[in-house]
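Please look over the sequence and the model before reading on.

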Amino acid sequence: MGHRGKRRISAFAPQTRRSFLRRAGFAGSAAASLGWLAGCSDGSDARVGRTPGSSPQVFNHGVASGDPLADRVMLWTRTTPSTDQDVSVSWMLSETPDMTNPLRSGTVITNADRDYTVKMDATGLEAGTTYYYQFEALGEVSTMGRTRTLPVGDVDRLRIAVLSCSNYPFGFFNAYGRVAERADLDLVLHLGDYIYEYPGRGVSAEQNPDEYGDGRPLGRAPEPPYEIVTLNDYRTRHACYKTDPDLQEVHRQHPMIAVWDDHESTNNSWRDGAQNHNPDRGEGPWSAREAVSIKAYYEWLPIREIDPGNPERIYRGFEIGDLVSLSMLDTRLIGRDQQLANNVDGGFTDTGGYAEADRTLVDDDQRQWLADRLNNSQATWQLLGQQVMFGQLKVVGAPNATNSANPGGQGGVFFNSDQWDGYPRAREQIWEIIRGGQAAPNVAIDNVVVLTGDIHTSWAMDITEDPNNPDAYDAGTGAGSMGVEFVGTSVTSPGFDSNDLRPTLLEQNPHMEYIELTQRGYMLLDITAERVQCEWWYVDDIESRNAQQRFAAAYQVRVGENHVVEADSQTESRPIAPALAPVSTAAVSAMAN
Ligand SMILES: [Fe+2]
């Protein structure tokens with residue numbers, strides 16, 4: 001999209017480096033992460049983390065890193081200049097938090113063309129190594145970030161937190177805060193709905209029946225106070241979210257690999273539109289809105305742009321030694337056909353428009369890219385990070401070949417047309433890749449683990465082509481299963497009020513092992529050559545800023561089994577982990593001395 005054109009990186013001059021350290025030592029301001037203030041719409045309180053009485057802050061939105069590779073990682077920050085001018089931003093990166101011997105450094109120019117965001121690749125790094133970094137601009141020093149490159153070769157173990165769906169006016173981002181505290185993570189995955197486009201006025205359901213758009217009365221009404229449509233709107237919304245101290249802290253402590261879902265543009269988006277995009281209400285053409293949402297996303301997320309000439313392409317891969325090949329998919333903007341309406345009471349069946357052969361959820365290029373990755377991977381585990389539930393979710397279960405349970409339909413009644421269920425032929429093409437041309441349920445690609453967000457609830461399941469057919473799949477032994485899926489709940493976005501539906505869902509969906517419909521939190525993946533264990537961690541509440549969390553459940557898939565089973569116990573944290581980035585630059589100075 002061309003907005004990187006003015007980026008310029010040069011060597012970090014020794015004199016500049018000294019002044020950087022001096023400022024770090026004498027600045028004495030608390031790190032942004034220490035600050036705690038409510039809604040970003042709250043006037044002067046919008047600036048998080050200022051020491052009382054100090055001057056206006058340049059780095060209001062924290063620091064971040066992302067898309068780690070074995071030899072590089074993206075570093076991110078954003079400046080808030082007082083005048084509209086180019087801003088020269090220095091950066092430095094060190095293996096130790098005292099910053100006395102920076103390994104890499106440079107200068108980047110940012111300006112209004114990219115909303116004063118700063119993003120660049122720090123290259124020439126060592127694999128599997130933790131680094132600390134800081135920025136300096138306009139006489140101020142940023143808080144310190146911490147990041148980590150991907151390991152290479154023989155990797156024994158990985159620890160990865162998985163997050164999705166952080167709706168600011170619905171609650172406090174406690175899940176981000178708890179993930180930030182885990183010093184032994186290798187990285188954080190964000191599966192989308194990082195922002196929401198709704199007005200989010202923070203009023204009660206009684207005041208407005210459109211509760212989903214407005215959030216809750218928690219003092220967290222976002223800026224701008226209306227549905228975001230223009231480039232400036234999307235930038236303002238990203239800026240608002242980035243004032244949240246828990247979101248700042250998870251970015252400050254861990255590299256993030258993120259992908260968008262629908263709400264980074266607007267609800268239930270697809271290739272040429274969205275449920276919540278209405279050109280007749282003055283929202284303009286979809287292509288324009290999609291483009292500005294993507295531009296703001298790339299400005300505000302620490303993501304490496306795969307193809308600057310085609311910013312819509314976000315799907316990309318990561319190799320994590322011999323243990324994991326991670327494929328981040330886009331099932332949302334680049335190839336999705338429009339969602340269809342229900343064709344039976346309470347859901348839909350695989351008939352009519354749903355059954356059309358060319359109905360797609362990913363485009364041909366992405367599917368071929370995924371097939372090539374899966375077929376050529378040398379890694380033990382094939383992780384697919386993506387948006388919408390891959391496995392079937394039926395309110396009435398029935399084998400694919402029968403229609404007795406729902407006359408006129410086949411395979412039962414599905415619940416959510418926005419997930420893979422609504423694109424049955426597209427899903428069959430993924431099964432085909434996993435089978436490698438063999439007959440079902442043979443598997444050519446073992447150890448596929450699908451990771452999913454989007455639906456604000458927690459699930460563990462086998463993935464299989466015909467889960468309701470006992471001749472094709474045995475839920476007890478896992479025979480016929482072709483992989484597993486772990487679905488993570490939301491950071492704050494609402495799920496169900498109760499688990500009343502759980503017995504019915506388990507009964508109609510024999511491939512499902514774990515369902516939890518009411519809790520907010522995150523997933524913790526612990527990966528070894530023997531198994532992938534997924535743990536669901538839930539926060540106590542999101543109505544206040546609250547540090548309480550609890551372990552809820554653990555399920556795993558053992559290598560070669562392609563079948564999810566409950567784990568005997570939760571995994572242990574690593575006994576030794578790299579130090580978290582210190583919370584204040586003053587502390588850095590003390591350590592350096
Ligand atoms: Fe969501």
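**Strand pairing at one end of the sheet**

E24 and strand E25 (residues 549-558) are paired antiparallel through 9 bridges; two strands count as paired if DSSP finds at least two bridges between them, and strands (E, at least two residues) and helices (H or I, at least four) are DSSP runs numbered from the N terminus. The model is predicted: local features need pLDDT of at least 70, side-chain atom pairs count only at pLDDT 80 or more, and totals for chains, interfaces and linings use all residues. Residues are numbered from 1 along each chain as its sequence is written, and side-chain values use heavy atoms, leaving out hydrogens and water.

**Bridge partners**
- Val 539 stands opposite Gln 549 in E25.
- Strand E23 (residues 521-528) and strand E24 (residues 531-539) run antiparallel, joined by 7 bridges.
- Tyr 522 faces Trp 537 in E24.
- E25 and E26 are antiparallel, with 3 bridges, and Tyr 555 has Glu 566 in E26 as its bridge partner.
- The hairpin of E25 and E26 has 5 residues between the strands, and Gly 560 there takes a positive phi near 80°.

**The whole sheet**
- The open sheet has 10 strands with mixed pairing, in the order E5-E2-E1-E11-E10-E9-E23-E24-E25-E26.
- Strand E5 (117-122) and strand E26 (564-566) are at the edges with a single partner strand each, so one side of each has no neighbour in the sheet.

**Position of Phe 496**
- Phe 496 lies in the loop between strand E21 (484-487) and helix H9 (502-508).
- Phe 496 counts as partly exposed because its relative accessibility is 34%; this class lies between buried (under 20% relative accessible area) and exposed (over 50%), with a 1.4 Å probe and protein chains only.
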